[in-house]
Amino acid sequence: MAVTLGGATAPQGTDVSVTVTDMRSTKGQVLACLTMRPDAFPNCEKDPAARKLTVPAASGLNLHFGAVPQGRYAVSLIHDENGNGKLDTRLIIPREGYGFSRDAPVRMGPPKFAQAAFDVGPEPVHLAIRMRYLL
């Protein structure tokens, strides 16, 4: 039952959550980003409305972005094992784990928004994202 006060209605949105699989360790933290702006994917820096999470790395990790407006979104993850707040690379090759919604393929750089995008409608959304490691 929704309660209205002074003509205001309860905020509407749909819960979005992610289970992270295949983490190689519980060191460091996981940086997560949920955006609906293609130009801000995958790091979300250009989207002030992006939902960002930083949580301690753990096996069986579940991330909760909360209620978001309906629309088209994409999620990116980084397993920041050394806790420096960024994806470390060596000769442009990621040294830490990463993952994307819809298990979007990585070919010569991160996937495009359209490859990772999923729709959020009236029903809660739960995704499983596999963490990948190259080095």
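How many salt bridges does the count come to by the rule used here? Let's work through that and two further exercises together.

This is a predicted model, in which local features need pLDDT of at least 70, side-chain atom pairs count only at pLDDT 80 or more, and totals for chains, interfaces and linings use all residues. Residues are numbered from 1 along each chain as its sequence is written, and side-chain values use heavy atoms, with hydrogens and water left out.

**Exercise 1. Count the salt bridges, then describe the one that Glu 81 forms with Arg 24.**

Step 1. Start with the rule: a side-chain nitrogen of Lys or Arg must lie within 4 Å of a carboxyl oxygen of Asp or Glu. The count then comes to five salt bridges.

Step 2. Look at Glu 81 and Arg 24, whose closest N and O atoms are 2.8 Å apart. This pair links distant parts of the chain, 57 residues apart: Glu 81 sits in the loop between strand E5 (71-80) and strand E6 (89-90), Arg 24 in the loop between E1 and strand E2 (29-35). Helices (H or I, at least four residues) and strands (E, at least two) are DSSP runs, numbered from the N terminus.

Step 3. Check accessibility, where buried means under 20% relative accessible area, exposed over 50%, and partly exposed in between (1.4 Å probe, protein chains only). Glu 81 counts as buried at 19%, while Arg 24 counts as partly exposed at 42%.

**Exercise 2. Trace the network that links Asp 103, Arg 130 and Arg 132.**

Step 1. Asp 103 meets Arg 130 in a salt bridge of 3.2 Å, N to O. Arg 130 belongs to strand E10, and Asp 103 to the loop between strand E8 (97-100) and helix H1 (113-116), 27 residues apart.

Step 2. Asp 103 also forms a salt bridge with Arg 132, again with 3.2 Å between the closest N and O atoms. Arg 132 lies in the segment after E10, 29 residues from Asp 103.

Step 3. Arg 130 is partly exposed at 34%, and so is Asp 103 at 35%, whereas Arg 132 is buried at 13%.
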